[in-house]
Amino acid sequence: MKNWFSMGETLRIFVASILFCLLVALINFLHKVWWMPRRIQHVFFSQGIKGPPPRFLHGNTIEISEMRQNFMNRKVQLSHDIFRTLQPHIYLWTKIYGKNFLHWPGARAELVVSEPELIKELLYDNEQSFCRSDVDRHLKKILGKGILTSDGEKWLKLRKLSSQAFHAESLRHMIPAMIESVELMLGRWKNYEGMEIDASEEFRVLTAEVISRTACGSSYLEGQDIFQMLRKLVVLSSKNSYKTKLPIISSVFKDRYDLEADKLEKRARDSVLEMVKKRQKEISSGEDFLGLHLKAHYASDRNSKITVQEIIDQCKTFYSAGQTTASILLSWTILLLAIHTEWQEKAREEVFELFGQQPPNPEGISRLKTMSMIINESLRLYPPSVYIQRKAKKGAKLGKLILPTNTNVHVPILAIHHDPKLWGEDAHIFNPERFSSGVAAATKNNPAAFLPFSLGPRTCVGANFATLEAKISLSMILQRYTFTLSPNYVHSPVQILSLRPQHGVQVVIRPR
């Protein structure tokens with residue numbers, strides 16, 4: 001009988017322990033998704049920051065998704081006034097609550113900041129109080145723990161390596177490979193003269209070829225699988241961006257998107273690892289992006305040494321973000337020049353004046369003033385990324401605002417680039433002339449008014465690479481072709497991590 005009583009007592013203790021653990025988990029869950037949001041909302045409201053009220057668990061994700069879907073279903077006119085259609089929630093809530101407001105993309109608060117002085121303080125003057133925001137689990141699969149997703153000493157180490165790969169002399173050495181890549185593309189175009197092409201698809205292949213040649217000493221065909229898998233991961237990430245996931249449960253029970261993303265991540269990692277191993281067998285690693293990272297892997301200085309996994313994550317970052325940025329920049333710029341043919345002709349005159357029929361050279365590229373104006377205006381109207389995010393550290397202040405720890409701060413680049421108060425009443429019109437005296441004059445010495453590659457210590461390390469590639473590509477295209485917008489083009493900018501033309505950019509090319 002004693003054994004039976006002893007077993008019953010053990011069972012009661014076991015059940016009580018389970019119930020206690022469940023109670024603690026429930027309290028923690030409610031603290032995270034119910035109590036903390038209300039506390040944070042009170043902190044901001046007491047400082048004059050308002051915003052749409054959050055729903056339990058979902059925050060404002062349902063309203064955001066509905067507004068975005070409503071605008072996506074509408075027929076979009078060919079207009080550069082895209083802020084209100086692409087980010088209708090920010091457009092609407094800015095009008096209701098002001099330039100700085102609080103909203104909830106899920107259970108975590110996000111402070112939207114549109115005032116240039118606060119943006120400058122956030123990105124440039126206040127690095128010690130803010131760090132990068134937490135990375136979405138799908139985005140982690142794309143970028144790993146590379147330069148875009150790291151912080152602290154690791155970020156400094158990777159930033160130094162990346163900066164070395166893209167300094168002025170390194171870029172100069174990349175020019176021949178960029179020219180060869182454009183020649184390959186233009187060779188294909190000979191089969192379509194007088195016909196329609198999808199320029200965005202052409203530029204996707206071109207920029208992948210350029211990255212493969214300049215960064216890894218390979219070709220697009222060798223890295224094709226990596227690019228395709230990363231593109232699929234980008235699409236999956238975009239589909240899940242406004243889906244609410246329950247804490248703990250979502251990490252245990254994965255949906256079909258999560259399972260597919262896991263497979264793609266593994267395949268992409270294996271492909272990059274194979275490329276790295278192949279390069280390791282070479283006697284000299286070279287001075288390109290991959291070569292410099294391999295040298296760091298074998299460095300004797302422990303502070304400079306990086307792991308193979310860090311090399312893989314850096315390659316994934318450059319293959320994805322680097323290729324996408326350049327491709328999107330070229331796509332939107334060719335669209336703008338196809339519409340505004342007078343600027344196309346101005347750019348062509350400058351190209352022939354500097355290069356004639358010869359390939360672009362470093363000296364001439366640095367003197368492409370009209371081209372630079374056009375590219376800057378393209379980046380203003382259609383920035384590659386439409387927002388920047390940071391996360392508040394303990395005790396963080398922004399202006400007079402005191403921010404609760406871990407609050408995300410959202411900088412809406414598109415809203416700033418299209419703000420008539422910053423850019424004038426023609427803010428939605430393509431007018432490269434505004435950059436005729438440079439960026440500083442165009443922004444009236446307000447650096448936070450123009451953020452295509454961010455600002456401050458975390459400015460995009462590949463910005464000069466992307467603009468150099470764009471200048472070379474556009475110069476060579478203008479030397480050989482005129483182009484006009486196809487009647488089949490449908491204007492539908494869409495945010496799939498980056499700002500992309502949803503249905504491509506169809507233009508008709510004609511030899512000169």
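1. For the residue classes used here, Ala, Val, Leu, Ile, Met, Phe, Trp, Tyr, Cys and Pro count as nonpolar, Asp, Glu, Lys and Arg as charged, and the others, Gly among them, as polar. With that scheme, the lining of the second largest pocket has 9 nonpolar, 9 polar and 6 charged residues. The model is predicted, and the points below should be read accordingly.

2. The second largest pocket holds about 540 Å³ of space. Its lining comprises 24 residues, and E201, R204, R231, R500 and P501 are the ones nearest the centre of the pocket. At least two lining residues come from each of helix 9, helix 10 (220-239), helix 14 (308-339), strand 10 (493-496) and strand 11 (498-501).

3. Helix 9 spans residues 199-216 and includes S200. The relative accessible area of S200 is 13%, and S200 is therefore buried, the limit being under 20%. Leaving out residues up to four places away in sequence, S200 touches S327, S331, P501, G504 and V505. For V505 there is also a polar approach: its backbone nitrogen lies 3.4 Å from a polar atom of the S200 side chain. P501, one of the contacts of S200, is also among the residues nearest the centre of the second largest pocket.

4. E202 lies in helix 9 and R188 in helix 8 (residues 168-189), so the pair ties together parts that are 14 residues apart in sequence. How do the two partners compare in burial? E202 counts as buried at 16% relative accessibility, while R188, at 32%, counts as partly exposed.

5. Across the whole structure, a search finds 19 salt bridges. One of them pairs K99 with D419, with the closest N and O atoms 2.9 Å apart. K99 is partly exposed, its relative accessible area being 30%, whereas D419 is buried at 11% relative accessibility.

6. A further salt bridge joins the side chains of D134 and R108, at 2.7 Å from N to O. Both partners are in loops: D134 between strand 3 (130-132) and helix 6 (137-143), R108 between strand 1 and strand 2 (110-113), so the pair ties together parts that are 26 residues apart in sequence. Relative accessibility is 39% for D134, which counts as partly exposed. R108 is likewise partly exposed, with a relative accessible area of 33%.

7. Which residues do salt bridges with shared partners join into one network? They are E377, R380, D426 and R434.

8. Helix 13 (residues 289-297) is mostly covered, with 8 of its 9 residues buried. The buried residues in helix 13 are F289, L290, G291, L292, H293, L294, A296 and H297.

Terms used:
Residues numbered from 1 in each chain as written. Predicted model: local features only at pLDDT ≥ 70, side-chain atom pairs only at ≥ 80, totals over all residues. Heavy atoms only, no water. Helix = DSSP H or I, 4+ residues; strand = E, 2+ residues; numbered from the N terminus. Buried < 20%, exposed > 50% of the residue type's maximum accessible area, 1.4 Å probe, protein only. Polar contact = N/O pair within 3.5 Å; in protein donor to acceptor, adjacent residues only side chain to side chain. Contact = heavy atoms within 4.5 Å. Salt bridge = Lys/Arg side-chain N within 4 Å of Asp/Glu carboxyl O. 1 Å grid on protein atoms, 1.4 Å probe; cavity = no way out; pocket = protein on both sides within 12 Å on 5 of 7 lines; lining within 4 Å. Points joined across faces, edges and corners; volume = space filled by probe spheres on them.
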